[in-house]
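This briefing covers domain packing, the RNA contacts and the salt bridges of one model. The sequence and structure come first.

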Amino acid sequence: MNAAESNPTPTEAESTTESATKSNFIRDIMIADIESGKHGGRIQTRFPPEPNGYLHIGHAKAICLDFGLAKEFGGKTNLRFDDTNPSKEDTEYVEAIKADVQWLGFQWDGLFYASDYFQQLYDWAVQLIKADKAYVCDLTADQTREYRGTLTEPGKDSPYRNRSVEENLDLFERMKNGEFPDGSRTLRAKIDMASSNLNFRDPVMYRILHMEHHQTGNEWCIYPMYDYAHGQSDSIEQVTHSMCTLEFDNNRPLYNWFIEQLGIFPSQQYEFDRLNLTYTIMSKRKLLKLVQDKLVNGWDDPRMPTLSGMRRRGYTPEAIRNFCASLGVSKTNGTTQLQQLEYYVREDLNKHSLRVAAVLKPLKVMLTNYPDDLVEEMDAVNNPEDASAGTRKVPFSKTLYIEQDDFREVPPPKFYRLSPGKEVRLRYGYIIKCEEVIKDADGNIVELRCTYDPETRSGGPSTRKVKATIHWVSAAHALDAEVRMYDTLFTKENPEEVEEGQDFTANLNPNSLEVLTSKVEPSLLDAVAGDRYQFERMGYFCVDPNTAPGKLVFNKTIGLKDTWAKIEQRGK
RNA sequence: UGGGGAGUCGCCAAGUGGUAAGGCAGCGGCCUUUGGAGCCGCCAUUCCUAGGUUCGAAUCCUAGCUCCCCAGCCA
């Protein structure tokens, strides 16, 4: 084990235990490029989010690839905000993205904005106009669409396509100067209206948008389109390998075209498959809708697939990194099962979480033969996976709480826990036997009367064995806690699968959040937001920021693997 | 229908002419004062289909089939 692995709160990407250097086709290309001496063997990448939403687990895959590969080959990675559309962007997103990238464990070399290059991009546009490769077009948006043609029919040349260079220069400058209203004109590349690649049918380079930009204020009222900005931004930064997702495959020829026409540094784009997860929606537009329509409680709602949501829920950066490293990088459109992510979350939490007792749904237990005022201090192991985590004392007394699910008045087959006349071990306590079931007027079980066997104290000489061990908490010593239990946000593996006329919100899981009033052991008194624990036998839980003095709030990160639940499910 | 991309176990994925890695899930068993964790074992005679080349094909050729992307003044 290396030093990073023994660090309980790993924050650096080096601590990723899974090989971050698993082979993939982009990595192979880099190795070949280094061997051939391309760009002097230099590797440089970039992570280019648009600040129009929060980062999600899909971005994590891209981040791990962009930063991971550059790091492996001693290269650099810039964080560059692709901020060419002020109508959708905001500094709130800029700040959230920076925080999330760092939380994931990565540090960028340069921090840039596509808007840093607006003047250069403008100058290059003038250069293309002078080379008769671009023109100002007065067609409306609707007309532009009509002129573009269809998948099977070529488009028609715009009537403005053959304006003189002088007129184009004059019009473009006046566009920049704000003389024309939004949507009245565009600057277009003069390529080929009959191209089978629709991106080549005289793509729009600039549109007029009289709108304040979060970085450049009111300096510009024309903004470049993605295709006109992205490749050149890569080129300006001398990015050697520019990774993006599959849907940009069709844009690569245009990416190359601008670079070639301008004669600038030849960055190369490579496309890989975007991450899709079952029971999850990855579209930023749809995630925004969930937030805006208050279908969730913000971008960091623990049910969201955002990095901020996962952080609040208790997922660790290392778990996410290991998950990403386990993923393939290919060109296949696929959907990874949620269980694969959950596996890596459990794997990491199991190694690092302190164990603690929490009774989620309390059921009172009275030990009739236990001394009224006796309180024993029992020794409990903090983490069986890590001896250095030590032990703690937990108070044991006559009145306890156990989990409602650990008692069945009529036990089904294979149910090893408590039931009338049966015995069970209390973890770090004694073996107890259920003698009597107390019910209220409505027939609800409100209390169990049990006896304990004084000879069976944990750690003592007794070798008596019972089928099951359950957790408990001393009623007089336990702390109250709010526990937020989560299930998947959607009920369907594919949330997009809806009936005619419905949208993905029709698949929202009405039971994705359940709030419990629980009892937790007293050692949790000073727990602070972000602390992660394993509630023994129940799962992993994380202290929510809503926690305040005297009011503990936990989020369920993920349950433990539950063999009994599986057996019971199978019986149904 | 034009162009581009892709089809290997339930899911992800190695493999690049020499006889189908690995992970997740699943299923058995061991162990256990967490029905947790851990450990052991099982899990593709076959690679979208059909032909062909070859001593030999997931890998080469031919013809089909299926899925994804592109008709924003979004990225």
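Eight residue pairs, both at pLDDT 80 or more, are in polar contact across the interface of domain 1 and domain 2; a polar contact is a pair of N or O atoms within 3.5 Å, and within protein one must be able to donate a hydrogen and the other to accept it, with residues adjacent in sequence counted only if both atoms are side-chain atoms. The model is predicted: local features need pLDDT of at least 70, side-chain atom pairs count only at pLDDT 80 or more, and totals for chains, interfaces and linings use all residues. Residues are numbered from 1 along each chain as its sequence is written, chains are lettered from A and ligands numbered from 1 in the order in which they are written, and side-chain values use heavy atoms, leaving out hydrogens and water.

- Chain A is assigned domain 1 (19-32 + 39-117 + 229-348), domain 2 (120-225) and domain 3 (355-474), with bounds from an automatic or database domain assignment.
- Domain 1 gives 26 residues and domain 2 gives 25 residues to their contact (heavy atoms within 4.5 Å).
- About 2,100 Å² is buried between domain 1 and domain 2, 69% of it on carbon and sulfur atoms; buried area is the accessible area (1.4 Å probe) that two parts lose on being put together, summed over both.
- Of the area that domain 1 buries against domain 2, 26% comes from Pro 86, Trp 257 and Leu 262, more than from any other three residues.

**RNA strand B**

- There are 69 residues around RNA strand B, and Thr 84, Leu 139, Ser 330, Ser 458 and Thr 563 come nearest (near: a heavy atom within 4 Å).
- Sugar or phosphate accounts for 64% of the RNA strand B atoms within 4 Å of the protein, and bases for the rest.
- An N or O atom in the side chain of Asp 273 lies 3.5 Å from a phosphate oxygen of RNA strand B.

**Salt bridges**

- The count comes to 41 salt bridges, each a side-chain nitrogen of Lys or Arg within 4 Å of a carboxyl oxygen of Asp or Glu.
- One of them pairs Asp 100 with Arg 311, with the closest N and O atoms 3.0 Å apart.
- Asp 100 is in helix H4 and Arg 311 in helix H11 (residues 307-313), 211 residues apart; helices (H or I, at least four residues) are DSSP runs numbered from the N terminus.

Key. Helix = DSSP H or I, 4+ residues; strand = E, 2+ residues; numbered from the N terminus.
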